[in-house]
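Have your viewer open and follow along.

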Amino acid sequence: MMKGFLRMYGRSRSASFYGIRHEGRLACCSVVADPGEEPVILSALIFFAELIRALGIELTSKFGLIESNQPKYDERYLELVLVATLPSSQGHGFGRRMLQF
């Protein structure tokens, strides 16, 4: 799923990727994006196809419902799209550090 997020937001000028390395490898990462900038349609379609394959149609439809009901704000803001920690790196506080960043 992370690869799908990276493909969808990777070409966006408003997306940023952050990571924490531990013992020489990426242990935790996050993706933030400006929700006012729409992703490229083809990238979004590919992402949702991958999401359906990974989560199934029912969970993907719930994901879409959540996305469509997000609040709208007048001022620009960044949206935390994803925070992911490798299972072997969990319990070390990397996710907490990422959220405090």
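What follows looks at the chain as a whole and then at one helix and its neighbour.

## About the model

This is a predicted model, in which local features need pLDDT of at least 70, side-chain atom pairs count only at pLDDT 80 or more, and totals for chains, interfaces and linings use all residues. Residues are numbered from 1 along each chain as its sequence is written, and side-chain values use heavy atoms, with hydrogens and water left out.

## The chain

The protein chain has 4 helices and 3 strands, taken as DSSP runs (H or I, at least four residues; E, at least two) numbered from the N terminus. Their order along the sequence is α-β-β-α-α-β-α. Of the 101 residues, 28% are buried, meaning under 20% relative accessible area with a 1.4 Å probe and protein chains only, while exposed means over 50% and partly exposed lies in between.

## Helix 2

In helix 2, the buried residues are Ser43, Ala44, Phe47, Glu50 and Leu51. They lie on the same side of the helix because they cover an arc of only 125° around the axis, judged by the directions from the helix axis to the C-beta atoms. The face turned away from the buried side carries the exposed Ile41, Leu42, Leu45 and Arg53. Just after helix 2, Gly56 has a positive phi of about 95°.

## Packing on helix 3

The axes of helix 2 and helix 3 (residues 57–68) come within 7 Å and cross at roughly 130°; axes are lines fitted to C-alpha atoms, for helices over the stretch in contact, with angles from 0 to 180 degrees between N-to-C directions. The two helices are therefore oblique to each other, as angles under 35 degrees count as roughly parallel, over 145 as roughly antiparallel, 65 to 115 as roughly perpendicular and the rest as oblique. Contact (heavy atoms within 4.5 Å) involves Phe47, Phe48, Leu51, Ile52 and Leu55 of helix 2 and Ile57, Leu59, Thr60 and Phe63 of helix 3.
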